[in-house]
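Here are my notes on the model for you to read beside the structure. Take the points in order and find each one on screen.

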Number of protein chains: 2
Amino acid sequence: MLVDQRRQQLLEVVRSRGFASLPELVEELQVSESTIRRDLDHLEESGVAKRTHGGVFYAGPRPRLPDFDERDPAQWDKKRLIAQRAVKLIEDGDTLLLDGGSTTYEVARLLVGRPLQVVTNSLPVANLFAAHKNSDLVLLGGYVYPRTGVTLGPHANEMLARLNVRRTVLSVAGINERGFYNSNLLLVETERAMMRAGEETIVVADSTKFGHQSLAHLAPLKDVQHLVVDNEIAPQWRTKL
Amino acid sequence: MLVDQRRQQLLEVVRSRGFASLPELVEELQVSESTIRRDLDHLEESGVAKRTHGGVFYAGPRPRLPDFDERDPAQWDKKRLIAQRAVKLIEDGDTLLLDGGSTTYEVARLLVGRPLQVVTNSLPVANLFAAHKNSDLVLLGGYVYPRTGVTLGPHANEMLARLNVRRTVLSVAGINERGFYNSNLLLVETERAMMRAGEETIVVADSTKFGHQSLAHLAPLKDVQHLVVDNEIAPQWRTKL
DNA sequence: CATGTTACGATAGAATTCTTTCATAAGATG
DNA sequence: CATCTTATGAAAGAATTCTATCGTAACATG
């Protein structure tokens, strides 16, 4: 059947460009506008593309992980601010270890393009640096935790035991006077290995994390050299640090 | 300046969704259509977004690796056909090892959603499986080779030495009577480790690879159990296999 | 070979979006 | 404080796209 072949071709065009206008597609496939429209209806029905006024954009399985961007926009601004402060602590030429939290991801976004050696266990972070010439990228191996796209487990930890970096940047889920917490036991174990691999640890966290603890204890306060937060932090904490 | 902040916000919305319609943006940012239009003009001028009839889509630095899709479309159809044949060799529940070639990538695309345990050293392939519930994913660690987004080097090889899989799927750059070839010495070394880790090796290659050799010898013909090719293969080869 | 199905292109009128222009407001600048 | 620049919202007419409908052609089916 010629129909399916054309639709396949259509989908490929859309997928490769991300977006295609209707006249473009008419020109490219050499069929009438009506046909294109009908094909697009089918593609939309099957969920792999979305129509808009004037064209379609690809909506199929993207090579993309947890969309950090979909979260509460209020936290989002905070995270951006924190990230902006955190990157000031990082110098060109540094060897860096980045973990997989959403705030760390923002830090990574700001670092793309700078001359760095980056080690990470986060697939989204790796994607940021992978195509860039200025930075070297080392990926930690291991089992990929589906929800956040980070590698965990013994493979990652063993690999970390053989690495040495200048600075480690970590996200946490909770902070109280006894130290830092995260919500996943395997993750905490990998993060501890990350701290051991780095000379200096930078923790990034927004103010909502303060006073909460979480499932797994990561490290006492004294083991972290820098803590970057937003300015809505309660005074009681400010004085403690 | 409030303007820049709004444009930043605008860009973030566009980036996170891939595409946004004009009315959507008006609603979201609570400014007039005219303002949105003007902002979009600026964003387009700076090259990070592209306008279309009815909206904008993101065109900035994508967290995306070498786009296999941009290649010669003629080879492309071949690769898809090869991939379709290759997936028939793979059973649900298999433990699979996938490397990072463009044909392997097509195989991976067809496998997404099936219940499998996947091990890979390819970032693009990992992105396909990372968010999917049906399959487990293990990523090989190591230095990320920028051009293709695969992990190579001693870390990857050591990790492979401790893994066992049912089937290994490899791409190659050349095939002749002495065996299989690829273009990168580190890559070949990792691929040899992959073959050792798997009980059965499947090589996927289009007909243009036949008769050519490449920089590094990978393995003799007899070490590979299945070879999947397209149907434009010369008769002299067909008889040999 | 009559009949039903599906694919295709064309077209008209409705709906949406785009461009251009104008008026106002808010800051800079001297 | 007058003046200039920049940002903003509103609106009209032009341009584009969308929806719905029709007639034709290709093909399968009985």
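Predicted model: local features only at pLDDT ≥ 70, side-chain atom pairs only at ≥ 80, totals over all residues.

1. Altogether 15 residues lie around DNA strand D. Those that come nearest are Val31(B), Ser32(B), Ser34(B), Thr35(B) and His53(B).

2. Which elements build the surface near DNA strand D? Both chains take part. Chain A brings helix H2 (22-29) and helix H3 (33-45), and chain B brings helix H1 (2-17) and helix H3 (33-45). Each of these helices supplies at least two residues. H3(B) gives the most, with three residues.

3. Now turn to the other strand. DNA strand C is surrounded by 14 residues. Val31(A), Ser32(A), Ser34(A), Thr35(A) and His53(A) are the closest. Two or more residues each come from helix H1 (2-17) and H3 of chain A, and from helix H2 (22-29) and H3 of chain B. The classes here are five nonpolar, eight polar and one charged.

4. How are the two protein chains related? In general, a rotation about an axis and a shift along it relate two copies of a chain.

5. Next, the contact between the chains. In chain B, 38 residues are in contact with 39 residues of chain A. On the chain B side, several elements supply at least two residues each, among them H1, strand E1 (19-21), strand E3 (55-58) and helix H7 (154-161). Helix H6 (123-130), strand E6 (136-139) and strand E7 (142-145) of chain B also belong to that list. Which element of chain B gives the most to the side that touches chain A? The answer is H6(B), with six residues. By class, the side of chain B that touches chain A has 19 nonpolar, 13 polar and six charged residues.

6. Strands also pair across the two chains. Strand E6 (residues 136-139) of chain A pairs with E7(B) in the antiparallel sense, over two bridges. One bridge to find is that of Leu139(A), whose partner in E7(B) is Gly142(B). As a rule, strands of a sheet pair through backbone hydrogen bonds, either parallel or antiparallel.

7. Stay in chain A for two helices. Helix H5 (residues 102-111) and helix H6 (residues 123-130) of chain A pack at an angle of about 5 degrees. Their axes are 10 Å apart. That angle makes H5(A) roughly parallel to H6(A). From H5(A) come Tyr105(A), Ala108(A) and Arg109(A). They meet Pro124(A), Val125(A) and Leu128(A) in H6(A). This contact of H5(A) with H6(A) has five nonpolar residues, no polar ones and one charged.

8. Chain A also holds a hairpin. Strand E10 (residues 174-176) and strand E11 (residues 179-182) of chain A form it, with two residues between them. The two strands run antiparallel, joined by three bridges. Ile175(A) stands opposite Phe180(A) in E11(A). Asn176(A) has Gly179(A) in E11(A) as its bridge partner.

9. A further strand joins E11(A). Strand E13 (residues 216-219) of chain A pairs with E11(A) over three bridges, again in the antiparallel sense. In E13(A), Ala216(A) stands opposite Asn182(A).

10. The order E10-E11-E13 (chain A) makes an open sheet of three strands, with antiparallel pairing. Why is one side of E10 and of E13 in chain A left without a neighbour in the sheet? Each stands at an edge and has a single partner strand, so one side of each has no neighbour there. From one strand to the next, the twist averages 35 degrees. Helix H8 (residues 185-197) of chain A packs on the sheet and touches E11 and E13 of chain A. The direction of H8 makes about 5 degrees with that of E13(A).

Notes:
Residues numbered from 1 in each chain as written. Chains lettered and ligands numbered in written order. Near = placed C-beta within 6 Å. Helix = DSSP H or I, 4+ residues; strand = E, 2+ residues; numbered from the N terminus. Axes fitted to C-alpha atoms, helices over the stretch in contact; angles between N-to-C directions. Parallel < 35°, antiparallel > 145°, perpendicular 65-115°, else oblique. Contact = placed C-beta atoms within 7 Å. Nonpolar A, V, L, I, M, F, W, Y, C, P; charged D, E, K, R; others polar. Pairing = 2+ DSSP bridges.
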